[in-house]
Structure formats: C-alpha cells, structure tokens
Amino acid sequence: MLKLYIIEGPSKGKSFDLGEETVSLGRAPENNIQIDDPSISSRHMKLEQKDGRFFVEDLKSTNGTFLNGEMIAPGKPVEVKEGLPIAAGNTLMVLDQAFTVGGTLVHHAVNFPVRKRKAKGTIYYKDRPMTNPKNLQLLYNISNVLMESIEVNDVLEKLMEYLFDCLKRIDRGAILIYDDATGKLSELIAKSREDKVGTSMDYSRSIVDRVIRTAKPLSMADTSKEEEVNLSDSIETLKIRSVMCVPLISRGNMHGVIYVDSLNAPHGFRKEDLYLLVGLSSPAAVAIENALLYANQEKIVESRTKTLRRTEQKLRKSEARFRAIFDNMKTGVVVYEVEKGGNKFTLVDLNHSAQKIEHIRKEDALGKEVRDIFPEYESLGLLKVFKRVWESGESEHVDPVFFEGRKQSGWREYDVYRLPSGEIVTLFSDLTRRKRAEEEQRVLQERFLNAQKLESVGRLAGGVAHNFRNILQAILGNMEFLEMVYEDMPEIRDAVKNIDTSITKGVDLVNSLLQFSKAGTDFKPVVTDLSQVIQETYGIVERLFDKKIRVTVQVEKDLFMKGNRSLLSQVFMNLFTNARDAMPGGGRLIVEARKEGDEILAVVSDTGFGMDKETLNQIFDPFFTGKEVGQGTGLGLSTVHGIVEEHRGKIAVSSSPGKGTTFKIRFPLAKEMADTSEETKKHIISGNGQKILVVDDEPGSLAALVGMTESLGYKVAGVSRSVEAMETYKEFQPDAVLMDRNMPGMDGISCIREIMRLDQNARIVIVSGYESSGPNGIDKDVKKMIMGYLTKPCGLEDLSQVLSGILET
C-alpha cells in the first residue's frame with residue numbers, strides 16, 4: 001500500500017496511510033492529515049484515488065501546491081506518480097510503498113508539455129531510474145533558494161553555483177535562453193572551474209538545437225563512442241568528451257537549456273547526474289522565467305513614470321515595498337474589516353494621505369467602527385455602498401459629494417472595492433481645491449457674460465440717447481421760439497413753461513439711462529430734497545397700484561442730500577413697482593423717510609411673497625430676476641444698488657417667504673439746504689448779422705437750430721448732408737459752423753477735417769446728441785480742431801453764449 005512520506009518540514013519523518021479514496025491535508029484538525037506548518041493553509045490540498053491512480057488537487061491555498069517543482073492550478077486534479085516530490089508550503093512529501101533514509105524512490109520519466117514537434121531519432125533517456133532521496137531533498141532546497149530571489153543575475157549565479165557544487169565532473173557550464181519568436185539563442189551566463197562567472201564559452205550548437213527541437217534532455221557519456229551521425233564538428237573541435245543538455249521548460253513554454261560538458265575524461269557524467277540536472281531544470285526554468293518577467297515589468301513601470309505608485313506586481317512583493325507604496329499614495333486609502341454580515345465596518349488600516357485629508361491620527365482610528373470615525377458616511381449613503389460592494393464583489397464609484405466632518409469638510413470622490421480577503425477598501429480624493437477653482441471659473445464666466453450684456457445695453461442706451469436728444473432739440477428750439485415771439489401772452493408762457501419742464505425731465509431720463517449703462521459722464525450732484533423726490537415718484541406710480549393695496553407714506557420734510565433727482569426717483573420707482581408686483585392679491589406698502597443723526601433713513605416695506613435666503617443673496621446681481629420669463633429684466637435692483645452706491649449710500653434688505661420684504665436705504669445728510677429762490681432771467685447774447693452754417697441730418701433738429709440761430713440775429717444757411725456743407729462753405733463763407741456728428745455718408749468729424757483743409761481758421765462747434773466725453777466722446781485731435789461742444793438739446797442761452805464766445809476770438 002502506498003504511503004505519504006514527509007521528507008522535509010516540521011513533520012519530517014512521519015508517514016501516513018492512504019487507505020481512503022479521498023484524503024485531505026492541511027493545518028486544521030478536521031483534515032485527514034494534519035500538518036503543523038504555518039505556511040500550509042487550513043485546508044491546503046487533497047489526494048484522491050481513482051482506479052488505482054492518485055490525483056492531487058490544490059484547494060485554493062495561500063502559498064500553492066507544487067508537483068515536481070511546478071505549481072498546479074487550484075481546483076484542478078493532477079495525476080501524481082510514485083516518487084514525484086509534492087511541496088506544500090515548507091513541507092516536502094512523496095508517495096511511495098516503502099521509504100528509508102538509505103533507500104531509493106522510483107521516478108517515472110518526466111513529461112515536458114512543450115509546444116514543439118516530436119523528436120526523430122535523437123538520443124535521450126526515456127525512463128528515470130531511481131533517484132537518491134538525498135538528491136531529492138537537495139532539489140527541493142535548491143528550488144526554495146531559487147524562488148527566494150527575483151533578480152535575474154542573482155538567480156543565474158546561484159544556479160551555476162549549485163551546478164558546480166552538485167556535479168563535480170563538470171568542467172564548463174552555461175545557461176542559454178531561446179527566443180521562440182526569432183529562433184535565436186543568447187547566452188545568459190557561463191562558467192568554468194578555472195574561470196570566474198561571466199566568461200563566454202563555445203558550446204556544441206548541434207546538441208543545443210537538438211534539445212530545443214525535441215524538448216528532451218540529452219546525455220553523451222563518451223563522445224568517442226557515439227556514432228558519427230550524432231556528432232558535430234564543434235564537439236571534435238572543442239574536444240568535448242562528455243556532455244549533458246536539458247531543456248528549460250515552464251508553463252509549457254521552451255525558455256532555453258542548461259548545457260554542461262567535460263573536456264578531460266570520458267564517462268564524465270553518470271546517469272544519476274543527468275537525473276539531478278533534469279530535476280533541477282524545472283525549478284530553474286520557473287525561477288529564470290520569473291526573474292526575466294520581473295526585470296521586464298520593472299522596465300515598463302519605470303519607463304511610464306517614476307512617480308506613479310507601484311501596485312501589485314506579478315511577482316511576490318515584500319511587505320516593506322507594499323507599505324512604501326501604500327503610505328506614499330496621494331490618494332487617501334482606508335481599509336475596513338467587515339463584520340455582522342456587512343453591517344459593521346471596523347477600520348484596520350489607513351495611509352498617510354487619508355490622515356492628512358481628514359485630519360485624523362492612525363493610532364486614534366484603528367480598531368474603531370466607521371460610524372465612530374466618519375459618522376457622516378451614513379447620511380451620504382456610503383455605508384450602503386460598502387455593503388453592496390461587500391455582497392456583490394463589484395467595485396463602485398461614488399461621484400463627488402460634499403463631506404462635512406467634525407474636523408474637516410470639503411468635496412470628496414470615492415471608489416470602493418472588495419479585497420480577496422473580504423475586506424473593504426476605499427480610495428478617496430480631496431476635490432475641494434478643484435471644485436473651488438471650478439466655482440471661481442463659473443462665477444468669472446457669469447460676470448463676463450453679464451459684462452457683455454451690460455456692454456450691449458450701453459451701446460443701445462447710447463444710440464437711444466442720441467436719437468432722443470435730437471427729438472428734444474427740435475422741441476426745445478420751437479419752444480424757445482414761441483417764448484420769444486409770444487412772451488407777452490400769459491397762456492403761451494404757461495404752456496412754454498410746461499414744455500420746458502417736460503424737456504428737463506426728458507433730459508434727466510436720458511441721463512439716467514446713460515448713467516445706468518455707464519455710457520454717460522459722471523453726474524454732478526446738487527442739493528436735493530429727498531422728501532420731494534419720494535412724494536413726486538409715488539405720485540407718478542400711485543395710479544398703477546391696485547385698490548386692494550393700502551399705501552402709507554410717512555416722510556419728514558426738508559430731507560436734504562446731494563444727488564441726482566432723476567436717479568433717486570428711479571430708485572424708489574423700482575422699489576414701489578417691485579412691492580406692487582409682490583402683492584397681486586393685495587397687501588400693504590409702507591414708505592417712510594426721516595433723519596437719523598447725520599443720515600437720512602428711507603424704508604420701503606411690503607407684505608408680499610417675501611424671498612428665501614438663496615434669492616436674497618442674488619437680488620442685486622445684474623440680470624437676476626425672480627419674476628416669470630418676460631415679466632422682468634433683472635436690471636431693476638441692480639440699478640438701484642448702483643445708484644445708491646454712487647450717492648455714497650447703503651442699502652440693506654430683509655425678507656422671509658410669506659412675510660414680506662423690507663428695504664432700508666441710508667444717505668448722508670447734506671449740510672446746506674437747497675436753493676429754492678426763483679430762477680434768474682436768461683442771459684441771451686444776440687449776434688450782429690454774422691453768417692452761421694448749420695449742418696444736421698435730422699430735419700426737426702436742423703429746423704430748430706436754424707430758427708434759434710436766426711432769432712439771435714445771425715444770417716443762417718442750413719444743410720442736411722456733409723457734401724452740401726463743403727459746397728455751401730465755399731460759397732457762403734460763414735463766420736462759424738454748427739456741425740452734427742453722426743450723419744450718413746461722410747460723418748461730421750470727417751466733414752470738419754475737410755473744412756479745416758479749406759480754411760485753417762474755420763470756427764466750428766459740434767452740436768450732437770452724444771456726450772463729448774465717455775464711451776461715445778471725441779478724442780484729443782478732434783478737440784483741437786473745434787472751438788466748442790454743445791450737447792443736445794441745447795437752449796437759446798447756451799447757444800448764444802457759445803456763438804458769441806467763438807466769434808469774439
């Protein structure tokens with residue numbers, strides 16, 4: 001009956017009967033054969049007998065099971081014959097009928113499953129005779145030593161050292177590597193007894209080629225007795241008397257050969273030497289393959305990047321290397337042990353980055369449950385993710401979430417995995433800086449878009465202002481003509497006064513539009529009574545309020561401040577209309593204004609819808625509106641905020657949903673009071689028949705300017721095109737020119753340049769709907785060519801004084 005003999009390891013010398021069909025072996029007591037070896041798994045392998053044959057199967061052990069030096073695949077039974085070594089951890093065992101220290105073991109021929117065609121007529125041994133157990137144990141020890149190193153040079157040097165120590169008859173030895181793709185052989189290492197390692201040597205290429213082709217070991221005990229057909233010229237030339245060559249085969253692939261020879265005496269090698277060399281070739285092939293794979297992998301990793309962390313490699317890695325990678329990763333890593341069916345996760349490890357990101361110390365966190373360290377994980381849904389990953393084994397990615405911890409908060413992005421050990425590992429990154437940068441970029445982009453919108457509004461405002469001023473110019477010119485002609489008629493005087501008031505409001509409206517769009521010049525503040533502004537503004541919008549809205553106005557008198565009456569009116573116009581829109585079903589509007597110390601406090605409050613905190617934070621942003629599409633521009637409160645700041649004031653708002661809104665505005669109180677005396681009489685300077693050329697493409701504006709100039713006692717010629725102006729200037733030879741700026745064809749500035757070429761002493765005044773300064777102003781070169789600038793609408797007094805001034809020059 002076959003027995004299992006332990007020939008190396010903690011249970012060395014023991015033997016076990018194999019009477020049952022299936023025998024399990026492992027460290028746990030429930031196994032048929034219990035081996036007290038820490039390197040063996042609890043249930044490591046099993047031996048199964050079928051029809052008189054034995055099969056060994058690895059039970060997914062940690063360190064694997066090796067048969068004849070090659071690892072067998074877990075879960076796949078492999079036949080094992082008498083005498084073949086079986087290695088499990090640090091334990092070496094063999095199947096045999098009888099085993100003694102001085103006895104022998106019967107080994108069958110080694111089968112090399114290589115992808116090569118079969119040999120035809122080559123010399124090779126077919127059956128492995130009995131191998132000395134001492135050599136068997138030596139093979140096992142050598143295999144272990146070779147497997148301990150993954151440096152190719154280290155492996156080769158040790159292998160050559162063992163060859164020369166074990167085979168005393170060797171004169172020379174070499175290890176050759178075969179490239180299956182190119183068919184080329186290359187020498188990895190060579191040695192002779194006299195020379196050091198590294199000496200290149202000549203060898204029998206025919207012997208090596210034959211072994212590679214047949215995938216069988218070859219031995220010639222005495223080359224002088226071999227048939228000539230089996231010899232090559234190199235054997236005779238090199239005077240080789242004995243030679244052995246065995247293939248290096250691993251995982252079914254031919255990797256090369258071990259070649260040794262003797263030059264001095266025939267019969268240099270015994271059969272036992274060939275058996276030992278064959279036995280050594282299998283672990284040597286695995287060790288060399290592993291070493292070469294490692295060297296190649298190391299080159300690939302190094303070529304990609306030196307800064308990337310090294311993850312799991314195909315070859316075994318030391319704990320020190322793993323710890324270095326783990327601790328130097330920039331990504332935070334936390335490992336949890338799973339308990340209670342996936343309902344408890346205990347922290348068992350974390351790297352330096354995790355400690356830094358979350359501001360925790362490793363010694364304070366180890367051994368604690370995840371809810372104690374990161375209680376926020378439950379509300380973020382991470383504990384459910386942990387359980388799903390643990391149950392399914394499928395990794396999950398958690399999109400960026402805002403993590404608000406007790407010691408640290410910010411944006412985190414998680415990846416959750418299940419390790420082969422059943423532990424859960426989380427990899428997470430701190431995205432706070434990136435998110436902050438993205439938010440800053442978004443804000444900048446919004447500001448840029450708003451600036452573009454404001455720029456467009458500014459251009460539109462400038463064009464509207466220009467056209468509106470031309471209209472006002474026509475009205476003002478005709479109004480002043482009526483005032484001069486019918487000044488003795490009271491009813492005409494009253495009508496003219498009303499028209500003049502309307503023109504003033506129109507001018508203020510244009511200036512307000514330009515002020516909002518920043519297209520106009522800075523306004524010049526004058527002392528204004530804010531109480532009058534509020535009363536007048538309410539008087540304008542009062543009729544727009546629904547009867548269901550009760551309005552209370554409590555305003556003190558003589559609230560003097562420095563400002564622009566039109567702009568201030570715009571502030572309260574916006575606040576009143578917003579309050580009305582917030583109370584479609586009725587409510588109450590309270591308007592108050594009073595002195596508080598050296599300030600004026602104005603309060604506008606309503607009982608409307610109110611606003612939440614998020615809306616309050618945006619109401620002064622340009623183009624933000626809480627109204628439905630098409631019912632609000634989003635510019636009202638932005639304009640209010642800008643006007644208040646320009647008046648050196650402050651605005652604050654308080655509101656809550658369903659409880660209405662209150663605006664509080666504070667302005668500095670003026671030290672002096674407004675001048676309420678009646679306006680002084682206009683100072684108009686008449687002409688003395690001088691010739692004036694008026695150029696304007698707007699018929700109404702042209703007629704008004706011509707009429708006003710004639711009423712001042714000048715001879716006037718009026719034209720509507722620049723080309724006509726050139727011809728008229730030559731014929732009429734005016735003493736002064738009133739020139740519009742924007743005209744079709746040749747514009748006013750170009751026309752001025754042409755006139756200056758004709759007459760360097762020409763006296764020219766620009767009369768335009770555009771301001772002389774600001775975005776639509778004129779440059780220094782144009783200012784040097786002209787003698788005055790009037791912004792439409794210009795009155796008779798301003799016109800007379802400018803003309804008088806330039807004609808006296």
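In the predicted model, helix H19 passes helix H20 in a right-handed crossing. The axes of H19, which spans residues 722-732, and H20, which spans residues 748-758, come within 10 Å and cross at roughly 20°. Because angles under 35 degrees count as roughly parallel, H19 is described as roughly parallel to H20. On the H19 side, the residues that take part are Ser722, Ala725, Met726, Tyr729 and Lys730, and these meet Cys751, Glu754, Ile755 and Leu758 of H20. When the residues of this contact between H19 and H20 are sorted by class, 6 are nonpolar, 1 is polar and 2 are charged.

The contact draws on Leu530, Gln532, Val533, Ile534, Glu536, Thr537, Tyr538, Ile540 and Val541 from H14, while H15 contributes Arg565, Leu568, Ser569, Phe572, Met573 and Phe576. Of the residues in this contact of H14 with H15, 10 are nonpolar, 3 are polar and 2 are charged.

Turning to the strands, an open sheet is formed by 6 strands in the order S2-S1-S11-S10-S7-S8, with antiparallel pairing. Strand S2 (15-17) and strand S8 (70-71) stand at the edges of this sheet, and each has a single partner strand, so that one side of each is left without a neighbour in the sheet. Within the sheet, strand S10 (residues 85-88) and strand S11 (residues 91-96) run antiparallel and are joined by 4 bridges. In this pairing, Ala87 stands opposite Leu92 in S11.

As to the confidence of the prediction, the protein chain averages a pLDDT of 80, and 82% of the residues score at least 70. Two stretches with pLDDT under 50 may be noted, namely residues 99-131 and residues 627-634. For residues 99-131 the model has 89 contacts beyond four places in sequence, whereas for residues 627-634 it has 10 such contacts.

Key:
Residues are numbered from 1 along each chain as its sequence is written. This is a predicted model: local features need pLDDT of at least 70, side-chain atom pairs count only at pLDDT 80 or more; totals for chains, interfaces and linings use all residues. Side-chain values use heavy atoms; hydrogens and water are left out. pLDDT is the predictor's confidence in each residue, from 0 to 100. Contact means heavy atoms within 4.5 Å. Helices (H or I, at least four residues) and strands (E, at least two) are DSSP runs, numbered from the N terminus. Ala, Val, Leu, Ile, Met, Phe, Trp, Tyr, Cys and Pro count as nonpolar, Asp, Glu, Lys and Arg as charged, and the others, Gly among them, as polar. Axes are lines fitted to C-alpha atoms, for helices over the stretch in contact, and angles run from 0 to 180 degrees between N-to-C directions. Angles under 35 degrees count as roughly parallel, over 145 as roughly antiparallel, 65 to 115 as roughly perpendicular and the rest as oblique. A crossing is left-handed if the near helix is turned anticlockwise from the far one by less than a right angle, and right-handed if clockwise. Two strands pair if DSSP finds at least two bridges between them.
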